[in-house]
There are 2 protein chains.
Amino acid sequence: MSNEDLHAMRHSLAHITAAAVKRIWPEAKFGVGPVVENGFYYDIDLGTMSISESNFSKIEKEMRKIIAEKQTFERFNMDIDDAIAKMHNENQPYKKELLNDLKRSGTTVAKDMDADELGTIADSDTAIDKVSFYTNGDFTDLCRGPHVANTGDVGAFKLMRVAGAYWRGNEKNSQMQRLYGVAFETQEKLDAHLEQLEQAKLRDHRKLGKELDLYTNSSLVGAGLPLFTPRGTVLRDLVSQYSNQLRQSKGFEKIWTPHITKTDLYEKSGHWAKFGDELFLVTSQETSDKLALKPMNCPHHTQLYVSKPRSYKDMPVRFLETTTDYRDEKTGELGGLNRVRSLTQDDSHVFCRQDQIEEEINNLLSVASELYTSIDMKLRVRLSYRDSSDGYLGDMQLWTSAQEQLKAAVERNGLDFFEQEGEAAFYGPKIDFMATDAIGREHQVATVQLDFVQPERFGLEYTDAEGNVARSVMIHCALLGSIERFLSVFIEHTAGWFPFWLAPEQVRILTINDTVIDYVKEIEAILKDTVLMKPVKYNEVRFTRDDRNESLGKKIKEATSMKVPVQLIVGPRDKDSREVSVRTRSGEEKVSIDHLEDYLKGL
Amino acid sequence: MSNEDLHAMRHSLAHITAAAVKRIWPEAKFGVGPVVENGFYYDIDLGTMSISESNFSKIEKEMRKIIAEKQTFERFNMDIDDAIAKMHNENQPYKKELLNDLKRSGTTVAKDMDADELGTIADSDTAIDKVSFYTNGDFTDLCRGPHVANTGDVGAFKLMRVAGAYWRGNEKNSQMQRLYGVAFETQEKLDAHLEQLEQAKLRDHRKLGKELDLYTNSSLVGAGLPLFTPRGTVLRDLVSQYSNQLRQSKGFEKIWTPHITKTDLYEKSGHWAKFGDELFLVTSQETSDKLALKPMNCPHHTQLYVSKPRSYKDMPVRFLETTTDYRDEKTGELGGLNRVRSLTQDDSHVFCRQDQIEEEINNLLSVASELYTSIDMKLRVRLSYRDSSDGYLGDMQLWTSAQEQLKAAVERNGLDFFEQEGEAAFYGPKIDFMATDAIGREHQVATVQLDFVQPERFGLEYTDAEGNVARSVMIHCALLGSIERFLSVFIEHTAGWFPFWLAPEQVRILTINDTVIDYVKEIEAILKDTVLMKPVKYNEVRFTRDDRNESLGKKIKEATSMKVPVQLIVGPRDKDSREVSVRTRSGEEKVSIDHLEDYLKGL
């Protein structure tokens, strides 16, 4: 089934949901009902009546009736004024409001609203005079379509949950009930999705984050601003170190920039005009400086590039910085590490000559590929090109050459890729990385982007071999993206069973009784000298000792609940034979104390 | 000479300066003339006439005359209303304004003004009715004193510079001229000071920061927000790593907290009431959250402490975090790294039981001592105790015990120390560290502070051996203090000749001609494998190669101007004998290639 067909199917189910709700509660008022990932929702106002999961079977039963009736979806057009009168008569104030907006400007303003939902005939930014409706059975809805032919063609579905949602995403508006469903073309696919959700629930990084003591939140500090415990900080540091090490092997050098800046910087870069109302603003009480928290690092990095003259022989100049950016996400949208206000990027910027693009992209792809392979995530990339429309900045010839160089680099790295026109940023083509996790979900993890605009705006240049001033090309790249988001994905990918090199507590020694304490000290001396070199260099083994007077069973249970990958069980017999019993997820085995270091290095 | 005598001497010189200026320019209007470090200044309004350094000899000549006249300093009191009339008649509007303020409230408000300057008889916060004047020769000044007996007793002095200064530090007021002088009891001491200033000028970290390409500033980013180049970032990272390593050896664990917080956190901690108007405020445009940039980390760290229950067996809990704080310094006061708006602290907090204070302080002192010894800075500590006045929070018995434990720890570490009552913070006693640099200047580098207040405010507790809830003690400590400020001191201490382990570029290979390229590759392979373990572990040698077709002399000159500590000169004869000529600041010597690694590790 094509994406378009799947979309039409899910959208038709939104109508069927509303129709079913209206059959049960005829006084229902409806907001919008768009398609979302894996399904759809409909915003419903039932006054004081509140839908709960206990109502789902009733609604689903009614939906199945409508489906069994194979009602045809019929489209008709209407003058917008007639449509407004119709909605008024039918007591549908939300639809009426949308129509009034549409009449005024041809568009409605709602951040969380799917544009598909608006029943415009003309896709225009100016006032319009006709709108379309779709009818199935006794239910008619303002809608642009398209739909499936009849209600029988909607595959398999399930209502999932209901949640409060403000009309048009604005806290000042009335609160509606958002009824979510998932839908797939076959029952088999729906079952697979539900199974994946079950799996995901067990692996939920918010649950594991608490159980494994990785991070916490404080209502005094605020939502979306997680604080990382010692264990969580080990994860942060090691993944960031890994990313740094990979890039340093390609000539990147670490720099440091502050987290705030005068807004002048963003006026110059152009970000102020585009994103100024999405920034955290910083007020100085001592001066009249206009400042902001940085939401990205490129403008700061340009200031280090221009801090001294550059010659063609110095190029490429490669900067990396792991630093925290701040984005003013709405607090209602924040949960866990997936979406945060403080996001730490393993950011990097290359300033190079045009003829160096392919080699630089090649370097970045090769380390990205190494990283995701080493953590068992399959990588797929999208080459995002410009299309023939206007609105792209930079010379056409530069675009063509750059896109060819991107593709050449992707092919050199043997990456699974697909090309898509019209997906480039306005300032340059890019490569988007998608990684698949252990339960089959695909996550966008990072991008490599070419930028022809900031070099112009900031006057980034170098002296070429002939002594002339030449314009630099800028490449943006983060391997992990945001470390917080990466960890949210990685915790769920591993279900908290981190690879040995990364586990916050790698080894726990469990004693059987106190007669082995001297022998344990010998073991600890070995562990203290054990330094892993792969994939991160100089990674000293992190171990603890549980020598409490408790049963071995209890000790094993506790170590396992903390997902300590290597448990060294030490009893009198181990001491006598100068061995340890190594307990890992793959079983238990005896290892001679003389081979312990090599054993750990081989994990 | 006692500090009080030196103060009186310098203050008398301020009067003599004003008297001399008035002899030369009788229309001069005077502001305030306080004592500052090593000398004094006087704020003067000469209308459109501007004092320049070329006037200094003339003013100094007049000052010497007054000194030779041995004029007695005579004090007299006057009703405040008479004093106001007198100043009005003498056309001294600034003095008149001070007197009017004094009359109203007994105090004047000026951030940059030395309270000594105000001629109050009563040191009171309420309105007063008598003020004092001092006369020497034909010059009379509103003043509280004290002064030397006569103008002959003022030691050796020198006018140093003149700078613009707004009246009472407020940009909206008229601009005056601030005339600075230095003064010491003997000419010898003055000369030593002037020599130190000369030395300091050569070592100025702002000059070296540029020459050695360590950091830059951008007018688009703003004042006091330095950006660190790759070379400067090596310094930042290594000193921070060193500090971390020392503390990790004492059981500290790294944590991570965001740079912003809801102001609720500071309302709870009490910082909001005390410092609320000195914070950078952060405005969310998407929500109504009231946020601020963190100016310190303790409140954030308490939130990790309380994120899970703690037992007496878990104590002490030791957190460390190198993180950037933001303080809203006035931009006029910002220059170089000494005073910045973005200051990165190597911060740490211990949460412990009362009986663990001495051991924890002992740990911190021992690593601080190790750090400053290793970089050749002499450390002296001040034990800052409470006095018998009110205003200290926390139990008296706790204070006494804590102060004894601090002293015991200082003595155990054999540190040069002195004790001072009344210098404690209101929330607990502390230890201040002073380090002396290569040209004899003493810098406050860090403090260890006990805190009895935040544990109360945030409810920091643990379960004691009897199962009861007990209050934790909190210890604040940074070894370097602010990394930016530490670097400003350290760059000047070393004059940019960093110790081998820390130099951004440690080794530069200088070729004599192209016949040695293969041999250079052998040398580079050795350098690549050389990893220093002291004082920072896993410190890979940073080297470059200068194989340009330039003269050796030019190559040496450039490497020396970048203060590269080890220059490896490689010519055909070195290749034949399998040696390198190692050029360091202490001379040149031949080292066999087989011993190169050991040689470098021994530096």
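Predicted model: local features only at pLDDT ≥ 70, side-chain atom pairs only at ≥ 80, totals over all residues.
Figure 1. Residues are numbered from 1 along each chain as its sequence is written, chains are lettered from A and ligands numbered from 1 in the order in which they are written, and side-chain values use heavy atoms, leaving out hydrogens and water.

**Figure 2. The largest cavity.** Its volume is about 70 Å³. A cavity is a set of points on a 1 Å grid over the protein atoms alone where a 1.4 Å probe fits but cannot get out; lining residues have an atom within 4 Å of a point. Points are joined across faces, edges and corners, and the volume is the space filled by probe spheres set on them. The lining includes A:Leu212, A:Arg231, A:Phe498, A:Glu505 and A:Lys563. By class, seven lining residues are nonpolar, one is polar and three are charged. Here Ala, Val, Leu, Ile, Met, Phe, Trp, Tyr, Cys and Pro count as nonpolar, Asp, Glu, Lys and Arg as charged, and the others, Gly among them, as polar. Domain 2 and domain 3 of chain A both contribute to this lining, so the cavity lies between them.

**Figure 3. The second largest cavity.** The volume is about 60 Å³. Among its lining residues are B:Leu214, B:Gly496, B:Pro504, B:Met562 and B:Val564. Six nonpolar, one polar and three charged residues make up the lining.

**Figure 4. The contact between chain A and chain B.** Each chain puts 66 residues into the contact (heavy atoms within 4.5 Å). The two chains bury about 5500 Å² between them, 58% of it on carbon and sulfur atoms. Buried area is the accessible area (1.4 Å probe) lost on putting two parts together, summed over both.

**Figure 5. A salt bridge between the chains.** B:Lys254 and A:Asp237 pair through their side chains at 2.7 Å, N to O. Eight salt bridges are counted between chain A and chain B (a side-chain nitrogen of Lys or Arg within 4 Å of a carboxyl oxygen of Asp or Glu).

Note on methods
1 Å grid on protein atoms, 1.4 Å probe; cavity = no way out; pocket = protein on both sides within 12 Å on 5 of 7 lines; lining within 4 Å. Domains from an automatic or database assignment.
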